[in-house]
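Good morning, and thank you for your attention.

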Amino acid sequence: MIIWLIGISGAGKTTIGRKLEAHFNGLGVKNYLLDGDEVRDLFDRDLGYSDAEREANIKRIILGAYLLDRNDIVGIVCNIAPLEHLRALARRKIAGYNEIYLKKDLQASIKNDVKGIYREHTGKTQIVGIDATFDPPQCPDLVLEVDKQTEDETCQAVLDYIADKYGPQYR
């Protein structure tokens, strides 16, 4: 299965992804966390943030997720994935695709700005949700309003969804 956590910067994708990774490790479930920032780093940040470059990076991530799924490794993908047509591509190509939308208020993300994305890049680079497109998800498998939950509650909601779909061995 692939658990693809989508949402704007600051929604908690990597934080929740790391909690899921620790949970699966504790269960002895083979898993791998694929983070969008790490994919950029792997390729020496050869892609910028234009629409075409974002699309190319997401396609790299889709390939990685596809390979994890094909090899029976639980993939935890932490990526904004702002474009619906690429999320639809992932859904078509990856048999075990599960889209989890971490819905976060943009103003709350800007205020908290844990990674400094908004503070350091506003006016220099397009930021998804501000001046770069974030298509609302058309058919997410789960929507979690993260401003109304703790990190632990959000993680538990994802685990409950996974256990309901794939079996109680994932609890």
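Buried residues make up 46% of the 171 residues in the protein, where buried means under 20% relative accessible area with a 1.4 Å probe, protein chains only. This is a predicted model: local features need pLDDT of at least 70, side-chain atom pairs count only at pLDDT 80 or more, and totals for chains, interfaces and linings use all residues. Residues are numbered from 1 along each chain as its sequence is written, and side-chain values use heavy atoms, leaving out hydrogens and water.

The protein has seven helices and five strands, taken as DSSP runs (helices H or I, at least four residues; strands E, at least two) and numbered from the N terminus. Their order along the sequence is β-α-β-α-α-β-α-β-α-α-β-α.

Let us turn to helix α1, residues 13-27. Its buried residues are Lys13, Ile16, Gly17, Leu20, Glu21 and Phe24. After α1 comes Gly28, with a positive phi near 75°.

How many residues of strand β2 are buried? Four of the five, residues 31-35 being the strand, so β2 is largely enclosed by the rest of the structure. β2 pairs with β3, residues 74-78, in the parallel sense over five bridges; pairing requires at least two DSSP bridges. Within β3, Ile76 is the bridge partner of Leu33.

Definitions and conventions
Buried < 20%, exposed > 50% of the residue type's maximum accessible area, 1.4 Å probe, protein only.
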